[in-house]
Amino acid sequence: MTALFDDNIYPPVEDAIDPGVVASLQFAGVIRQLACADGDDRVALQALIDAAREAVPAADHVSVSTVLHGRRRRIDLVPIIGSDEAADDVAVIESQTHGPAHDAARTRRPVLISDLTSDVRWPLPVSQLTMTGIRSALIVPLGEPHRGEAMATLHFSADTPSALDASMPAASVVGAFAAIGLGAARQHAQYQDAIASRDLIGQAKGMIMERFGICSDQAFALLTQLSQDSNKALTRVAQDLIDAEGLATEK
């Protein structure tokens, strides 16, 4: 009688599941970590880098840069984190020159460079990138769904030519998951900021109510008027009042 779980008939689960599915499950955990970083962004971003390297094994180096959108469609790249020194160097070069990463962010399309020594599309950036020792690169833009623009770039690079030629599908999947995770992290940070602002304004309102014997609506109206008169944000006015009260108490 054949054993119910004979490995010759039923291979181990990890061998039966498509590697892409395994990577997707790993990234689901990374997304949760990014969305709930609670100030420990570096650890969450390192988890993203580690998962990206595992999902695209042909890449020797991986880095993430955030994209800043300025006037007249100006785009600036700011390195966030890299897997190693070479990845950091690549990210810095990309931030200082208008190269493939800028084009990936601008067009919101992946850019593949099979051989940096023969590519002629970005002469200056590519010549500088080859000085780091890398010979091929794949840059994936991480889109911001609600705004239709890139919020970051995910840069894969390899030390040998053509090493990443077959990695576009996997890198695109990684980019999609990374975009979700970074977008969730941004929303989480905005939510945390909103809570902090609410608490700050509430504390200032309480001080005004106690000092002048007025109701909550009147205190908020006074804060708003102070904000307009001083041309300062409401949270800044609230913080100034709290700081002034603290100094008065100390005296």
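In helix H6 (residues 123–130), the buried residues are Pro125, Val126, Leu129 and Thr130. Viewed along the axis of H6, these buried residues fall within an arc of 135°, so they line one face of the helix. An α-helix has 3.6 residues a turn, so residues three or four places apart point the same way. Pro123 and Leu124, on the other side of H6, are exposed. The cover over the buried residues of H6 includes helix H4 (85–96) and H5. The model described here is a predicted one.

Helix H5 spans residues 100–107 and contains aspartate 103. Beyond its neighbours within four places in sequence, aspartate 103 is in contact with His98, Arg108 and Trp122. With tryptophan 122 there is a polar contact of 2.8 Å between the two side chains.

Elsewhere, leucine 226 is part of helix H8, which covers residues 216–230. Leucine 226 also belongs to a nonpolar patch on the surface, together with Phe212 and Leu222. The accessible area of the three residues together is about 260 Å².

| Residue | Relative accessible area | Class |
|---|---|---|
| Aspartate 103 | 15% | buried |
| Leucine 226 | 33% | partly exposed |

Why is aspartate 103 classed as buried? Its relative accessible area is 15%, and buried means under 20%. Leucine 226, with a relative accessible area of 33%, is therefore partly exposed, a class that lies between the limits of 20% and 50%.

Notes. Residues numbered from 1 in each chain as written. Predicted model: local features only at pLDDT ≥ 70, side-chain atom pairs only at ≥ 80, totals over all residues. Heavy atoms only, no water. Helix = DSSP H or I, 4+ residues; strand = E, 2+ residues; numbered from the N terminus. Buried < 20%, exposed > 50% of the residue type's maximum accessible area, 1.4 Å probe, protein only. Polar contact = N/O pair within 3.5 Å; in protein donor to acceptor, adjacent residues only side chain to side chain. Contact = heavy atoms within 4.5 Å. Patch = residues over 30% accessible without salt bridge, like charges linked within 9 Å, V, L, I, M, F, W, Y side chains within 5 Å. Areas by Shrake-Rupley, 256 points an atom, 1.4 Å probe, with all protein chains shown as cover. Salt bridge = Lys/Arg side-chain N within 4 Å of Asp/Glu carboxyl O. Arc of directions from axis to C-beta.
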